[in-house]
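Subject: Structure handover

Dear colleague,

I am passing the structure below on to you, with notes on what was found in it. Please look through it before you read on.

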Amino acid sequence: MTQSPVIRALNHGANQKGLRDYNERLILSVLHRHGDLPGSEIARKTKLSAQTVSVILRKLEGDGLVTKGRPSKGRVGKPSVPMALNPKGAISVGCKLGRRGSDVLLTDLNGQILFRKHIQYDLALPHEVFAFFRDAFSDGVEHIGPELAGKLCGIGIAAPFEIWKWGASDGNTPEEFLSWKDVSFESEVAQFTDLPLYMVNDATSACWAERIYGRGKAMDNFAYFFVSTFIGGGIVLGNSVYEGKLGNAGAFGPLRVGNKAGQTRQLLDVASLHVLETRLTQTGHDPKQLWSQPQDWDKFSTHVAPWIDETAHGIAQACISACSVIDFESVLIDGYFPDWVRSALVEAVAAYVGKEDSRGLILPNILAGQVGSEARGIGAACVPVFSQYFLVSKPMVSNGHF
């Protein structure tokens with residue numbers, strides 16, 4: 001039997017007057033990380049007094065954020081009553097803006113998807129994307145009903161950094177696409193909702209999802225790679241996603257890596273799905289099938305295998321570079337691909353890392369992410385709710401541009 005990962009304790013609380021907001025966040029965070037707990041155990045883990053915990057739990061219960069479980073009997077004395085997060089205590093909206101498609105998700109406090117809508121396109125144009133966001137948001141609110149809609153706490157948008165630089169290399173990029181540079185996300189979203197808006201880099205958003213709901217929940221620090229049309233990533237330090245001054249930390253795509261012929265290129269040019277798209281097009285396949293749901297890549301296996309090998313070779317070098325700066329305990333890898341591709345890629349990266357010149361380094365564990373292809377949308381949805389209710393680093397709140 002596989003042993004469950006050890007969830008490390010969070011920082012201790014404080015009993016001083018005026019710190020209720022911090023202590024509320026701390027207790028909610030403890031329940032999120034450890035599951036149902038009685039007040040006495042919450043007090044032990046937070047180092048708060050039993051009275052302080054009792055008062056805060058009553059308030060959180062009144063706010064609908066926690067619920068009482070069944071009393072635990074069989075012990076001497078009064079039965080202990082565990083407290084748990086109320087999944088429907090807060091609802092959040094996540095919008096993922098991608099090169100090949102966009103998603104709108106509504107999720108509960110546990111990250112469960114209550115509503116999802118997807119659109120595919122050849123090129124992301126502002127009017128089409130925001131019209132989709134508006135209509136999908138309306139459909140989602142109607143789907144969950146007025147009671148849960150009243151629990152909506154914010155909308156997160158996961159978008160690539162400097163979208164307008166995605167343009168086609170042939171110089172025929174539509175002018176409207178280049179207009180992303182001047183688009184105000186805040187103004188566009190304000191046309192259909194007054195919910196607080198949070199902007200986050202798309203790959204960093206996937207890192208958020210892994211940190212909150214995936215394998216990263218049990219780790220103090222790790223580097224995270226997410227492979228999609230391009231490759232990006234994120235950084236977790238001290239249990240928090242580190243986004244950097246401009247929200248673009250962990251942008252591993254521009255890292256220089258060498259191919260097997262000794263030539264150096266950016267990682268995104270050798271370890272991204274657009275590379276596989278190009279090869280499929282050249283061999284007469286329709287690359288749009290890579291993005292179809294449910295994903296079935298078996299028909300492309302002869303092309304996928306060499307792509308996995310080359311991608312793993314590049315990511316392995318990026319792992320070494322990243323760990324030269326910060327001694328990450330682990331590197332997690334995920335992406336927009338089937339589970340068997342992820343498993344094969346992680347295995348290949350681990351093998352290549354073992355062959356790299358690692359003098360002076362402590363090599364990290366190379367592990368598969370657990371959230372999967374929906375990570376960016378789920379991450380976008382979790383940012384508003386976790387920023388408002390839990391002890392995590394706060395992401396950059398939108399100033400209307402990204």
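This is a predicted model: local features need pLDDT of at least 70, side-chain atom pairs count only at pLDDT 80 or more; totals for chains, interfaces and linings use all residues.

The protein chain has 402 residues, of which 53% count as buried. It holds 11 helices and 15 strands. Among contacts between residues at least 6 apart in sequence, 67% join residues at least 24 apart. The chain exposes about 18400 Å², and carbon and sulfur atoms supply 50% of that area.

I looked at an open sheet of five strands, in the order 6-5-4-7-8 and with mixed pairing. Strand 6 (113-120) and strand 8 (197-201) are at the edges; each has a single partner strand, so one side of each is left without a neighbour in the sheet. From one strand to the next the twist averages 15 degrees. As background, strands of a sheet pair through backbone hydrogen bonds, either parallel or antiparallel. Both kinds of pairing occur at strand 4, as follows: strand 4 runs antiparallel to strand 5 (residues 101-107), with six bridges between them, and parallel to strand 7, with five bridges.

Strand 4 covers residues 91-97, and seven of its seven residues are buried, so it is largely enclosed by the rest of the structure. In a regular strand the side chains alternate between the two faces of the sheet. In strand 4, Ile91, Val93, Cys95 and Leu97 point one way, while Ser92, Gly94 and Lys96 point the other way, and all are buried. On the strand 5 side, Val93 stands opposite Leu106; on the strand 7 side, Gly94 stands opposite Gly156. The link from strand 4 to strand 5 is a hairpin through three residues.

Strand 7 (residues 152-159) runs parallel to strand 8, and five bridges join the two. Two positions show how they line up: Ile155 stands opposite Leu197, and Ile157 has Met199 as its bridge partner. Helix 7 (residues 202-213) packs on the sheet and touches both strand 7 and strand 8; its direction makes about 100 degrees with that of strand 8.

Helix 8 (residues 273-282) gives the largest share of the lining, with seven residues.

Single residues

Ala312 lies in helix 9 (residues 301-325). Its relative accessible area is 0%, so it counts as buried. What does Ala312 touch, leaving aside its neighbours within four places in sequence? The contacts are Leu345, Ala348, Val349 and Tyr352. Ala271 is 41 residues away from Ala312 in sequence, and the two are 7.5 Å apart in space, C-alpha to C-alpha.

For Lys47, phi is near 65 degrees; for Asn239, it is about 70 degrees. Lys47 is in the loop between helix 2 (39-46) and helix 3 (50-62), and Asn239 is in the loop between strand 10 (231-237) and strand 11 (240-242). Their cover is given by the relative accessible area: Lys47, at 48%, counts as partly exposed, whereas Asn239, at 12%, is buried.

Regards

Terms used. Residues are numbered from 1 along each chain as its sequence is written. Side-chain values use heavy atoms; hydrogens and water are left out. Helices (H or I, at least four residues) and strands (E, at least two) are DSSP runs, numbered from the N terminus. Buried means under 20% relative accessible area, exposed over 50%, partly exposed in between (1.4 Å probe, protein chains only). Contact means heavy atoms within 4.5 Å. Accessible areas come from the Shrake-Rupley method with a 1.4 Å probe; for residues, only the protein chains shown count as cover. Two strands pair if DSSP finds at least two bridges between them. Axes are lines fitted to C-alpha atoms, for helices over the stretch in contact, and angles run from 0 to 180 degrees between N-to-C directions.
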